[in-house]
Amino acid sequence: MAERYSGKFSPDGSIKRDHPAAAPQPSGPNVYDGKRRTRAGGRSNMLFFPPLIFLYNAFRGDPANLILGLSAAALMLLAAWLTREGIFAHEAYDARTIARRPALPRKIFAAVLLGAGIAAGALMAQQGPLYPILFGLIGAGLHLFSFGPDPMRDKGMEGVNAFQTDRVARAVDEAEKYLTGMKDAILRAKDRGLESRVENFATTARALFRSVENDPGDLTAARKFLSVYLMGARDATVKFADIYAQNRSAAARANYEALLDDLQTNFASRTTQLLSNNHANLDVEIQVLRERLQFENPQSPDVSAPK
């Protein structure tokens with residue numbers, strides 16, 4: 001029988017140490033949990049405010065200023081959006097052991113667009129093209145200095161089967177969409193404790209994602225967890241959120257918490273099992289290699305014997 005969750009944010013106020021949710025979770029600037037993205041804070045959001053100045057001034061001058069002001073605001077708003085999306089993509093890249101570089105270098109494109117927007121805005125002063133171009137170059141350079149460029153190469157792909165890693169990447173991306181759907185749906189329940197529970201489960205699920213990424217051969221054993229189970233969890237969350245938002249049913253809440261407990265326990269168990277199998281397979285491969293070396297060079301010391 002599932003154990004009722006009693007966590008830090010639950011009404012009971014304490015967490016049971018023998019529950020998987022009580023296990024230490026990874027932390028740090030590279031933890032990508034789909035919600036708290038450490039580098040996507042005030043710095044990137046502040047980029048959305050300067051374009052409003054050009055938008056305001058656009059309607060206070062002649063038609064030429066109107067065109068330049070609207071162009072500057074549009075370019076800078078697009079740059080701000082691309083910067084934020086580029087930061088999210090970079091954090092997803094950092095969080096994964098094996099990752100491909102982003103197909104679109106969003107932060108680099110954002111720097112170019114920001115420079116063009118600043119130049120267009122500076123032209124509103126009608127002092128010739130030299131200073132606007134300089135201002136644009138300085139703005140683009142400061143953007144790259146502040147937010148950095150996008151990842152420009154694949155990570156952890158050396159000696160890895162590209163077909164397998166592509167399959168894993170697609171499976172993990174699909175699984176991330178299910179987790180995002182769960183977290184978006186539970187917001188409708190307006191219950192901070194349940195939001196925390198879903199976040200806890202997402203962290204456990206991502207531990208399984210990382211295990212599969214580290215060994216793409218584990219995808220077959222984990223495929224149902226990344227697709228069928230997560231899709232069912234998302235659908236159940238959507239239905240529960242709709243019901244709970246209407247009648248705050250305690251029975252529905254208890255059943256949903258029990259579902260999360262079962263999911264978290266099974267995902268954690270599958271991760272542990274995959275890690276154990278990987279370690280056992282490595283031991284077998286090392287032993288076979290040692291025996292082969294000993295067979296091919298019988299005069300050498302027994303390399304399989306511990307020192």
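The points below go from the overall fold to the aromatic side chains.

1. Please keep in mind that this is a predicted model. The protein chain holds 9 helices and 0 strands, so to read its elements from the N terminus is to read α-α-α-α-α-α-α-α-α.

2. Of the 307 residues in the protein chain, 38% are buried. The chain exposes about 17600 Å², and carbon and sulfur atoms supply 61% of that area.

3. Taking contacts between residues at least 6 apart in sequence, 75% join residues at least 24 apart.

4. On to the rings: the whole structure contains 6 aromatic pairs. One of them is Tyr-131 with Phe-135, a tilted pair at 6.3 Å centre to centre with 35 degrees between the planes. Both residues sit in helix H5 (residues 130-147), 4 residues apart, or about one turn of the helix. Tyr-131 is partly exposed at 45% relative accessibility, and Phe-135 is partly exposed at 42%.

5. How are the rings of Phe-240 and Tyr-256 arranged? Their centres are 4.4 Å apart and their planes lie at 5 degrees, so the pair counts as stacked, the cut-off being under 30 degrees. Phe-240 belongs to helix H8 (residues 219-247) and Tyr-256 to helix H9 (residues 250-296), so this pair ties together parts 16 residues apart in sequence. Both Phe-240 and Tyr-256 are buried.

6. Finally, do display Phe-201, Phe-225, Tyr-229 and Phe-267 together: these four form one aromatic cluster.

Technical notes: Residues numbered from 1 in each chain as written. Predicted model: local features only at pLDDT ≥ 70, side-chain atom pairs only at ≥ 80, totals over all residues. Heavy atoms only, no water. Helix = DSSP H or I, 4+ residues; strand = E, 2+ residues; numbered from the N terminus. Buried < 20%, exposed > 50% of the residue type's maximum accessible area, 1.4 Å probe, protein only. Contact = heavy atoms within 4.5 Å. Areas by Shrake-Rupley, 256 points an atom, 1.4 Å probe, with all protein chains shown as cover. Phe/Tyr/Trp six-rings, centres within 6.5 Å; stacked < 30°, edge-to-face > 60°.
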